[in-house]
Amino acid sequence: SNPFEVKVNRQKFNILGRKTKNDVGLPGVSRSKAIRKRTQTLLKEYKERGKTNVFKDKRFGEYDTKISPEEKMIRRFALERQQNYGKKNIYNLNEDEELTHYGQSLAEIEKLNDIVDSDSDMEEKGTLSAELTAAHFGGGGGLLRKKASSGQQEEEEEKPKSRKELIEEMIAKSKQEKQERQNRRESALELTEKLDNDWKEIHTLIARKPPKSERKDKEVEKPKPDEYDMIVRELGFEMKAKPSERMKTEEELAKEEQARLQKLEADRLRRMRGIDEEANKKKPSHVSADDLADGFILDKDDRCLLSYKDGKINLENEDKEEKDNEEEEEEEDGKEDESEEESEEESANEDEEGGAADSHSDLESDLESEEEAAGNKEQKKNKTNENASQNVEELDPKMKAATSELPYTFAVPESFETFKSLLAGRTIEQQLTILERIQKCNHPSLAVGNKAKLEKLVGFLLEYIGELATLDSPEFRTIDKLVLPLYNLCQMFPEAASDSIKFILRDAAHDMEEVIEVKGRATFPGLDTLIYLKIASLLFPTSDFWHPVVTPAFIYMSQLLTKCRITTLQDVIKGLFICCLFLEYVSFSRRFVPELINFLLGVLHISLPKNQAQGYTVVHPFTPVGKNLELLLVSDKQDLESWQKQHLPLSTVTGLKETSRTEMNHIRLSCIALCFDLIKKCAALYESLPSFHEIMHPIQILLTQHVPVNEYPEKLQELYHSALKELETKEKRYTPLVCEKKKPVPLKQYTPKIVKVLEFGRKQAGSKKEQERKQLIQRHKRELKGAIREIRKDNQFLARTQLSEIMERDSARKRKVKELLGSLATQEGEWKALKRKKGKT
């Protein structure tokens, strides 16, 4: 800004504490003035922070006659240490306290100026002599020159000593010094031992031993240890826990399991091919300790390993060698026979020439031994052939067992047909084993593509379960066992499992909608869809407020109970099964299902005669009139008397066509019994609802007024009474809202509260004291904010000042270091120049 445009109102005198408002013309002036004011006040205080104008004797206890001089010195020393202990500046790391040891600074001791003698740690810290140092580190030349110069000054006629003489003198001198140190150390040890012995003698005189009577009294008076102390000591002496071995990760366990299954599969294939395990085991080859194996390259190692069996030499190795070297021996036999014939002719000629008679006993013995060896070979060959035939006979059952055994490793099937062929013709246990081995051999952590393959396995398993459910005689036991591997796969791949079940439910819902559009009414789905709904409740949590699988299944079941018409007894059984599923779904969440209550009411309705007065309403899919009524009505007394309570299996859905009339009536009575049981469970589940009695009121009317209880068997009557009792014993917690007939009378009000209105929509609440109090609070807040702002600015100003001081000290130190380095460089150059001159001279 232009300085001529700035208007400043100056004061003649600076008065502390006075604030002037009209001394600033532009914003920059106030800031410069604040800085100038801080330099005049705060900076001055900062620079004079350690100065005093009065000399005061602050020595501790100087004018106190009650304290001894020693105590004064001790307290003064403590105060001095306390003053020096605190750092003046927390950001300066060089202001550490100087530590001493026996009056010497530790910083100087750490420079290692004193060289410790390496002969012994207990010896005195002496330094090497100048002669020894110069001889070892200076090469000996300087010492020789020094000795020679000193000898010339004292006695010019004497010659300087040789290097050998000087070294011998230094060795003798060092030995003498070492001996002196050893003597001093031994004398010090003798003195310490003498002092220890003297102290022991004096200590025995000083120590006072109490008499035996006092000792006994003291021993008797010893208190018994407390139970708590004893427990603490026992805990101290107890064995401490040792760390156990590290738990293996899922990947490590999967790799170990895969390796184990692969090994078992290799053993099975070996047994199936008839390969003996012991024959495949490689026998260790014997190598001598002196054999260097250099210069020889052999195709095979034909050396045998010496072994013993039952105290005798094992000839298996020899048999093996004979089998391997049969051809070589046959060739060598022919050569040996020729050489023997030649030797016989030569010996005969010699005998004839010498005229001596010989019996040729050596030749005969050799021939006999050869014949015996040939016979032994033939016997061994026959034995080996017999053993081989026996081994084949023994391995045949093993091969059959291996072929009938399940493989240990399986690949993940790529299509449903291959998956179905793997499980076809297998028992339930074998199917579970196959699925388990597929998961273990193709774990996601073992290869990259295993995850996608196993995700397909979820869909294949669900489709296989659906096929088992659609058979003429459904295999419920197999389905029940297959739920466990399906659950394991769902835990590994929750997204794939949820997608597969959602796809199945979506197709079922679309099929139902298409049938409704074409025919105007829908039918209950097949047994496979009902089983899928049951599996969904086992695999996924049903208590969630919203779930991507359970919520669509919940909606689909509610649509089945409202849109599917009840025309046959199979439809009633399927509807009751869905009602049981509903109770399983809402067992934790206690969610209210109106379709469930409506369906139970309709089941009771179709068990009554047609021409009966009604005090309740029936909702779709049930109708008050029509041809599908009386589906559960049983009028035969013999069938009523012969009925016994039993569970209603799902297999009755597919096999009702072949059942007799009596069995059909028994099934109807079982449906009614199941309905009573479900009503009892619903009453226990929804008792906490406020509108419980309004919800269950139609069922209660139907049970009390219309159901022919007296005609039912005794067990069915017991179920009826228990359900009705469950409904009647519940307390009525909800009363419907009713409008009052008269308007409520308002309370009387006495003194009205008058509020002063200053402006439109703005009120001035409170009295004068409250208003003053609010103003005071506002001023206090404003002053507090201003004080905090000024303190922050003061701290920033001090920080800048300290930073400038540190930078000045650093620059001065750098400048001094540069000067020192420069002076050292000049000295070094001068010294080198002087050395060159001396060398030239």
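Buried means under 20% relative accessible area and exposed means over 50%, with partly exposed in between. I wrote that down before looking anything up in this predicted model.

**Entry: lysine 502**

I began with lysine 502, which has 24% relative accessibility and therefore counts as partly exposed. Its side chain meets that of aspartate 499 in a salt bridge, at 3.9 Å from N to O. The cut-off for a salt bridge is 4 Å, so this pair is within it. Aspartate 499 is also partly exposed, because its relative accessible area is 44%. I then looked up where the two residues sit. Both are in helix 19 (residues 494–519), three residues apart, or about one turn of the helix. An α-helix has 3.6 residues a turn, so residues three or four places apart point the same way.

**Entry: other salt bridges**

How many salt bridges does the structure hold? I noted 14.

I looked up arginine 75 and glutamate 71, whose side chains meet in a salt bridge at 2.7 Å, N to O. They are four residues apart in helix 3 (residues 69–85), so about one helical turn separates them. Arginine 75 counts as partly exposed because its relative accessibility is 37%. Glutamate 71, at 32%, is partly exposed for the corresponding reason.

Next came lysine 440 and glutamate 436, with a salt bridge of 2.8 Å from N to O between their side chains. Helix 16 (residues 428–441) holds both, and because they are four residues apart, the separation is about one helical turn. I have lysine 440 as partly exposed, with a relative accessible area of 27%. Glutamate 436 is partly exposed at 41% relative accessibility.

This pair belongs to a network: Glu257, Arg260, Glu436 and Lys440 are linked by salt bridges.

**Entry: charged patches**

Which residues gather in a patch of negative charge on the surface? I listed Glu186, Glu190, Glu193, Asp196, Asp198 and Glu201. I checked one of them, glutamate 190, and found it in helix 7 (residues 163–206). Its relative accessibility is 56%, so glutamate 190 counts as exposed.

There is also a patch of positive charge on the surface, where Arg31, Arg789, Lys793 and Arg800 gather. Helix 28 (residues 768–840) gives the largest share of this patch, three residues. Arginine 31 lies in helix 1 (residues 27–40). At 61% relative accessibility, arginine 31 counts as exposed.

I stayed with helix 28 and looked up its span.

Why is helix 22 described as largely enclosed by the rest of the structure? I found that 15 of its 17 residues are buried, and the description follows from that count.

Technical notes:
Residues numbered from 1 in each chain as written. Predicted model: local features only at pLDDT ≥ 70, side-chain atom pairs only at ≥ 80, totals over all residues. Heavy atoms only, no water. Patch = residues over 30% accessible without salt bridge, like charges linked within 9 Å, V, L, I, M, F, W, Y side chains within 5 Å. Areas by Shrake-Rupley, 256 points an atom, 1.4 Å probe, with all protein chains shown as cover. Lys, Arg positive; Asp, Glu negative; His and termini not counted. Charge placed at Lys NZ, Arg CZ, Asp CG, Glu CD. Helix = DSSP H or I, 4+ residues; strand = E, 2+ residues; numbered from the N terminus. Buried < 20%, exposed > 50% of the residue type's maximum accessible area, 1.4 Å probe, protein only.
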